[in-house]
Amino acid sequence: MDSVFTKIIKGEIPSYKVAENEDFFAFLDIQPNSKGHTLVIPKKQVDKLFALDDKTYQDLFSFAKKVAAGIEKTIPCNRIGLSVIGLEVPHAHVHLIPLNSMDDANFSNPKIQMTSAAFATLAKTISQNIVL
């Protein structure tokens, strides 16, 4: 059965895409910890990050590094944090989160609210700052 992320990749569920290549897809988290919170996923659905084959695992992080650089050019922050949790969706993924304090990495904190227009504008701006 397709995960929600696979459905996003297929275009069955809308998303705010920031980057894509043949193997990976990056999009804004719709319940962000901070502005610019982005999910990076392999297009091949694999449940757990450490179940990825070595090449896909390494390439995922290489792709995520490029996406993180684009986020950092767009969002004023102290750094881009990376988190791997993987309990909420059975599809390997990493969270890239602009951090100004450790609270920004706390998934229990209230999420920031943004309009659809703000998400769309932010996704476009980040996308323009990514060099793949």
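Q: Before we get to the pocket, what makes a stretch of this predicted model a helix or a strand?
A: A helix is a DSSP run of H or I with at least four residues, and a strand is a run of E with at least two. α1 covers 4-9, so it gets its name as a helix under that rule.

Q: Which of these elements supply at least two residues each to the lining of the largest pocket?
A: α1 and β2 do. The largest share, three residues, comes from α1.

Q: What else is known about that pocket's lining?
A: There are 21 lining residues, and F5, D29, I30, Q31 and L39 lie nearest the centre. Sorted by class, 13 are nonpolar, five polar and three charged. The pocket's volume is about 360 Å³.

Q: Why are β1 and β2 called a pair?
A: Pairing takes at least two bridges found by DSSP. β1 (residues 17-20) and β2 (residues 24-28) have three, in the antiparallel sense, so they count as paired. As for K17, its bridge partner in β2 is F27. A hairpin of three residues joins β1 to β2.

Q: Why is I126 called buried?
A: Buried means under 20% relative accessible area. I126 has 0% relative accessibility, so it counts as buried. You'll find I126 in helix α3 (residues 116-128).

Q: What is I126 in contact with, leaving aside its neighbours within four places in sequence?
A: I126 is in contact with V18, L28, G36, G70, I71 and T74. Contact here means heavy atoms within 4.5 Å.

Terms used: Residues numbered from 1 in each chain as written. Predicted model: local features only at pLDDT ≥ 70, side-chain atom pairs only at ≥ 80, totals over all residues. Heavy atoms only, no water. 1 Å grid on protein atoms, 1.4 Å probe; cavity = no way out; pocket = protein on both sides within 12 Å on 5 of 7 lines; lining within 4 Å. Points joined across faces, edges and corners; volume = space filled by probe spheres on them. Nonpolar A, V, L, I, M, F, W, Y, C, P; charged D, E, K, R; others polar. Buried < 20%, exposed > 50% of the residue type's maximum accessible area, 1.4 Å probe, protein only.
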